[in-house]
Each structure stands twice: as structure tokens, then as C-alpha cells.
Number of protein chains: 2
Amino acid sequence: MSLTLQRIPAFSSALFCRCSSKSFQRHCSRISSKKVRVSDALSSEETGANVRIQGWVRSVRPQKDNLFLHLNDGSSLQPLQVVASSHLNTRDLTFGCAVDITGTLEKSPSKRQNVELHAQHIKVVGECNPVDFPFKIKERHSLEYVRQFPHLRCRTNAFSSLLRIRSEATAAIQSFFRDNGYVQIHTPVITSNDCEGAGELFQVEVGSNDPNPHFFSVPAYLTVSGQLHLEVMAGAFSAAYTFGPTFRAENSQSRRHLAEFYMVEAEIAFTESLEDLMKVMEDLFKAATEHVLSSCAEDVELFHKYTAPGRRAIDILKSSSQNFTFSTEWGCDLQTEHEKFLVKHCGNVPVFVINYPYELKPFYARDNQDQPNHTAAAVDLLVPGVGELCGGSLREERLELLSQRLAQAGLADTYAWYLQLREFGSVPHGGFGMGFERYLLCILGLHNIKDVIPFARFSHSCLL
Amino acid sequence: MSLTLQRIPAFSSALFCRCSSKSFQRHCSRISSKKVRVSDALSSEETGANVRIQGWVRSVRPQKDNLFLHLNDGSSLQPLQVVASSHLNTRDLTFGCAVDITGTLEKSPSKRQNVELHAQHIKVVGECNPVDFPFKIKERHSLEYVRQFPHLRCRTNAFSSLLRIRSEATAAIQSFFRDNGYVQIHTPVITSNDCEGAGELFQVEVGSNDPNPHFFSVPAYLTVSGQLHLEVMAGAFSAAYTFGPTFRAENSQSRRHLAEFYMVEAEIAFTESLEDLMKVMEDLFKAATEHVLSSCAEDVELFHKYTAPGRRAIDILKSSSQNFTFSTEWGCDLQTEHEKFLVKHCGNVPVFVINYPYELKPFYARDNQDQPNHTAAAVDLLVPGVGELCGGSLREERLELLSQRLAQAGLADTYAWYLQLREFGSVPHGGFGMGFERYLLCILGLHNIKDVIPFARFSHSCLL
């Protein structure tokens, strides 16, 4: 064994030290310059500081004496302007190449930026042949075009903004729940349940060559919802949530559907009213959106300025037709066309729809025991342009009612464990789920769900 | 349509208002008492306050004049002591039942708690038959026993502590990366890649009755790592990370393996040294652990006090034998027994092992181009009791070397997209993954990975 060892002391110590050992660091010639991110450079007050900035070139403008570059490293939409003497220009300094630049930050004479980088050294660390590179300088590529390149589209301004927004929205949602005392539960992706009783499940197996394809001894599926698992937790925690991928094998290529998408789901114990659930949905929506608007103002503006208005007009135009394809009789489920009409009818603002026909809702929805219209205590939040954003319900916590309904559906044995949750210390509880991609479509005014997820999976498409 | 509508104004408004509508709130008889969580009650300075506390009964001690209860709602390990007049005792007030109590918080005469709740009303909202309930009052159930009840084990002290720790560790890891400027990327669960070139993949398909079982037109798998997808992001962001479920169809029932487990993965652009990667791993480990130790001190203590020492002694005993089953010649991979020996050899502290034999490492690992021992710039972090906690490497960013290696492995076509990442603005980069369950085993001194995940999936087992 000639492996080199390095030690760090036990984790219980607050201070880590490192024993010296053979160093494998390739020495950097510019060790004296401080590495700085573009976003930090842009907000820097310190002029004259010697810095090292690494990123990708977003524009090259050679002039007689000077060379102007725009540099981006993914930390902000706004690039850093770099000014260099013309003799630093090289043939490989092209749109899309990766560079390592040292220089000094100086006050910019332009109003468009606060500081600029006066470069002393420019090193192209990764070339980018502009002929082969699918994105062209100064061209605005359509989202449809960009979507063809899942491995490269994060290098466009719009998708890089989207990913920053997505990251911040994720953080905001997690903070919201944590600040409100929810425990985050990693509900499983693989499950032997079929939560909704619906079809459209992906099955999980080891290779078809395997003599025993049932790895888990039972058929196993990709989860369509973490709700039942969260209900387990609502037997020990006042409030729990999950935020992770969920799956539908819907054979649809629509702009609204993905085979893999993210869902925020919450479950609240000791809750007896839909009002309480609606309050959580509303607070969540507000908290997340306020955070995104304040932390990614520039990125959101990009969408609102260029992308959203055109599409919005189309949506409004479309929804102005009131000749609905589907019936709107009591007892029929709402179709997207109805959801949109309702939102518009209410002045194009988010709308809660509550108390759905009992027979339409799954076994876990709480019976309102009302008449003549027999309803379940369920709620949907509809939003402009998207339709259903959240769906939730009070859950049937009464053992007798639940066990009757499961028996009628022939599911009593399958859900024996679920009945036990009501047998031992049952509590009135309820919860909801929010489609994360739909949330992003809603706040950004975007149109196609494939544009708000890093790698889209849908019928006939699983690139990378 | 007799659905009831409620409106909330557009999300762009900072203030939401709600139009009045038919209210579905079932009126609460004790609307004047403020709902308080157990953890907030325990740290309350305000005595005499009228409060309403809901939770589950963890102990019942009837005495002549008074009744003493311990109440837990999942917000803390420590329960709230409830004192009530004996006449409030009822037959259904048993261990495990759910209750809704109103009363006043008063200074406790006991040293074991600061405050106690003097109950005026106690309502059992969910009964719990102590004969049928698998957990018994005052009995310490083994982790093995508790594991049989995945739908109920969150009601035990130990597993409820574990879930709080897991939730806080998740938050700490996410904060660490966010504070350091990483973008969080939701890398896909379903993928057409086989990242490691290894077998042991789960295949994803629609039902076997389907005439066209390839939903995605190509074979699709559950991800074994988000690394390649993160490398896509390392072409546009200085630093990106992912934290989500990963999968292995390993036919193992060992205490170290799960079919579904969580992985933290980071990828850092413009990184040229393993030292930089090791620093991130070390900082991550420290930041997460410091947060967990400070925010869940009581919960961690439970494990360190009761659960860990016995197991640790066994581990140390086992690893004292140096008759290894597997060879330790150069070129052979490290087995768990070696990892543990190395950790022990270094004084039972976390150890980095760097520069592994080139041929052992996957195609993406960066060639050190050294001799006589040809190595790749890879690093593992080994920790006591667990073995490998993190694995990482610099990635081969040089187009020529990478394309040669892929061609030799016959993978050039499959990974054409991956080569393109090096063709357009390639940067030196590297990253690592940390097994989240292994991290929890390590800091808690636990032994079996099934005890640190809400719902364990492994060979022949997919309960719920």
C-alpha cells in the first residue's frame, strides 16, 4: 500500500488541523491574487484590489487599443466588464471559452456597472469553437431551440437565471417550513404503495435478464406522492414536510406534464379546518415568492421583461373562449379549462376552490358528511396561467369512516398499516402538495414546464 | 358548479387579503387559548399564560389527588410535564393516545424541568389501545424490534430524535453550500446514463402489460450518482451541488447497504487540486456537525449515551484483527476492512486517502500521469466505524485524454455529450459525494443504516 494518508482529528473537536504530507497541488503562478466571484466583484467597494476571476466569456469586443470582454461565472446575470490592452487578445479568446484572469478592480466610467476589471493576464483555460458551439454571440435563441441541448443550456443567460431562481426558491421553501417548526422528511422514491389508486405508475425492477425480477419481493413503483408517508409522521410530529421528486408515467408530451417533477408536500397534525391549510399554502407562496423576488430580482426581471408578456397575452386570449369542451355539472372534475376560467373570473389572481364532490376524491379525503351535495374537505389553489398549483385536503382521521371506505374499495388489507395510524393516537390532520415546477411557471410567467427543470424527462425523452 | 370560491390577490402584492366566504372552520371551543408547541412551552419564561397544547401521551402516572402526564409533540425529546386533578383521568388516557389540553404554564417545583402545564381540560382526540400498540410504556425496545414497524417507529423517542437530527443535518448541509455560493441543482432520478459503468442498476418501466415498455424510447435507470449532471453545471457555475436520493440494486442485506439512500454531491469549477476538494469535504463535515451538535444537543446525546458505546466497542474489537480477507497489494481496491484499519491506524480520526491506482477509477477521474505507480487524482474520506464517507476526484478536463479513455472503453458514442462539455469552454474541475446516511451513522455512533432513514428499502424489503 503506497497510498498517501492525511489526517484530520475527530469530528468532536472544534478545530481541525492537518498533518503535512506530500502536496499534490499544482502550483498556481498567481497565488498572490485573491479569487473573487463575479457577483462579489460587481458589488465591491474596494478599487485597486488585485483579484483573480475565472469564468466564461459572454462577449468579446476588440477595439484599436483596448479589448473589452464580458465575463460570467454563474453567480449573477450581470457580467463583469473586463478591459485589457489589445495585445492580450488571442485567437482562442472567443464567445463561450473559459478564462482565468488577473487584474485590478477599478471604478467604471460607464453607468451600466459600478466596477470593471483591468486585466493584466488573460489565460484561456478551455477553448470554445464558435462554429460548432450551438449558441451564438448576441443571438437570442428560443427556449425551444435551447431545450435541444440539455448538457449546454445552463450556459445561456435565461437558463442560468432559471437555475439560480430554482435554487433560491428551494432554499426559501425549506426555510419557510423550518422557521415554522416542520420536520423535513425524506419520503421514499421507491414504494410498494399506489397512493392515488391511479394507474400511470413507473415500475422499478432489476434487469429483465434477472431470474427473480422482484428485487423487493413485491412489485415496487416510483412514488406519485409522499403523502401517506407524511401521514405516518403526523402521528409523532405536529408538522412535517417533504420536498423531492415524484413521478407519473403519463403518456403526454404536453407543455404541462413531466414524468419526473418536484413536489413540496406538507402534513399538519391537529388541524381541523381547510382554512388552516389554506393559510399555510398562502404563507408558503408569499414567503417563497418574496424571497425569490428579493434575492434574484435581476433574474426574475429577465423573464418578466422578455419572456412572459407575449405568452401571457396568448393565455388570456385563449381563456376568453367560454365554450368548454368538458362538462361543468356537479360531480364532474374540474378540467384545466375550468380552472383557468375560474382564475380569470376572479380577476386573474390566485383562487382557492374548496369542498369537492366526495366521490371524486381518494379514500383519505375527509368526509364533510353534508348534503344534498356530499363533499370531501379538499382544497385546490388555482393560479393564473397554470391552473392547479396546490391540492390538499383534511385527511379522514376517524377509524370507522376510513375503514368503511377502504373496505368498500377492496383496499382494507393493502392499507392495514394506514388504518393502524388511526387506531393508535389518531389526530385530525391535513396537508397539501405544491408542484414546484408549476410554482416556477407561475411566478416567472413561463409557458412550458420543460423550461423550469434542469433535465426534463417525459414520454419518449430521457436525455443524459 | 356550486364550488365555493375564495380569492387571494396576485402574488406581486406584498399584502394578501381574503374575501369573506362561507367558512368551513369547525368552531373550536377553546379559541381563547394560544396553541403552543412543547419545545416552546419548555423554554417559556411566561408563567400563568393560558395555553393549548396538543400531542401524544408518553407516560401516565395517576396519584391520589393528582394525575401526571408526559406530553410530546415531536418538537423536542424532552416531554412537557402535565399536572391535572385526578378527576380529569379517564380510561382512554393511555400511553400513546393523542390529547388536546388547555391549562396554564407554571413554574415547576422539580429540577428536571423549568415549567409544567397545569391542565384545566384534557380531551383524548385519538385513543391508543395499550394491548395492541407494539410499543410499551417504560420499555426500551431494541432498534431491531422497532424497525419492524416503519409506520409507527417515529413514535419512539430514539427514532423521533433521529428524524429531527436528519432534518437539521439536511438544513445545515444546504446552508453550508448556499453560504458558499453553490447553486443547488435537482439532478434527475431517472437517467439513461450508467454513471459508474457498474451493474446494479434499477430499471424504470411502465407496467409489463404495456405493448411498448420503453416509455422513454431508451432503457432508463434510477440514478447512481448526479455527478455527470453536475459536471454539466460546472460549465456555467463556479460551484454546484445536489442533495437527493440515489439507488443501487445491490442484492445485500448488510447493515451498510440500502437500495435507496441520500447523497450530497458537489462539483467545483476551476479547481486544480485535491487539497481544495478535501478542504470543502472537511468544512462541510465540520459545519454540518457543529450545527447538529448545537441545534439537536439533547437528541444527539440520547444516541451517544445509550446507543453508541456498546456498538463502538464491538467495532473496535472487530477491527483489531489484522488478518485481512482481501489482498492489500498495489492495484487492488480498498475493502471495508482496510478502510477501517487505516482509520484505526491513524488514531480513530477521519482520514483522507488520495491518489488511487489509475485503472481502478472510472473514466472521468483525472490522470495524474505519474509513475511508477500510475494514479488518478481521487480522494476518499474514511471515518471511524463507517469506512468510506466521501469519495471524490478531480475530473479529466483535457479533451484529448478523456476522448482516448472513452474510446478505449468503447464509450465514445454514449458519452459524446460529455466530451462536448470539454470541447466548449472546459475548465479544471472536481467534486465529491458524501453518503448522507453514513454521515449520520458516523456522528451518532449508530451501527445499522436502516436506523437512520425514514423508510428503508433494501433487497426483499419495500414496506409501505
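Trainee: How many salt bridges does the structure hold over all chains?

Mentor: The model is a predicted one, and the count rests on a side-chain nitrogen of Lys or Arg lying within 4 Å of a carboxyl oxygen of Asp or Glu. Taken over all chains, the number of salt bridges in the structure is 26.

Trainee: What separates E144(A) and R147(A) in helix α2 of chain A?

Mentor: The side chains of E144(A) and R147(A) meet in a salt bridge, with an N to O distance of 3.8 Å. Because the two residues are three positions apart in helix α2 (residues 143-147) of chain A, the separation between E144(A) and R147(A) is about one helical turn.

Trainee: Is E144(A) buried or partly exposed?

Mentor: Buried would require a relative accessible area under 20%, and exposed one over 50%. The relative accessibility of E144(A) is 41%, so the residue counts as partly exposed.

Trainee: How many residues apart are D451(B) and R153(B)?

Mentor: D451(B) forms a salt bridge with R153(B), and the closest N and O atoms of this pair are 3.9 Å apart. The pair links distant parts of the chain, with D451(B) in the segment after α10 (436-444) of chain B and R153(B) in the loop between α2 (143-147) and α3 (157-179), and the two are 298 residues apart.

Trainee: Are E397(B) and R366(B) buried or exposed?

Mentor: E397(B) forms a salt bridge with R366(B), the closest N and O atoms being 2.8 Å apart. E397(B) lies in the loop between β16 (387-395) and α8 (399-408) of chain B, whereas R366(B) lies in the loop between β14 (351-357) and β15 (375-383) of that chain. As for their accessibility, both E397(B) and R366(B) are buried.

Trainee: Which form, cis or trans, does the peptide bond from Q371(B) to P372(B) take?

Mentor: P372(B) is found in the loop between β14 and β15 of chain B. With omega near 5°, the peptide bond from Q371(B) to P372(B) is cis.

Trainee: Is Q369(B) buried or exposed?

Mentor: Q369(B) is placed in the loop between β14 and β15 of chain B, and its phi is near 50°, a positive value in a residue other than glycine. Its relative accessible area is 52%, and because the cut-off is over 50%, Q369(B) counts as exposed.

Trainee: Is N355(B) buried or exposed?

Mentor: N355(B) has its place in strand β14 of chain B, and its phi, near 60°, is positive although the residue is not glycine. Since its relative accessibility is 6%, N355(B) counts as buried.

Note on methods:
Residues are numbered from 1 along each chain as its sequence is written. Chains are lettered from A and ligands numbered from 1 in the order in which they are written. This is a predicted model: local features need pLDDT of at least 70, side-chain atom pairs count only at pLDDT 80 or more; totals for chains, interfaces and linings use all residues. Side-chain values use heavy atoms; hydrogens and water are left out. Helices (H or I, at least four residues) and strands (E, at least two) are DSSP runs, numbered from the N terminus. Buried means under 20% relative accessible area, exposed over 50%, partly exposed in between (1.4 Å probe, protein chains only).
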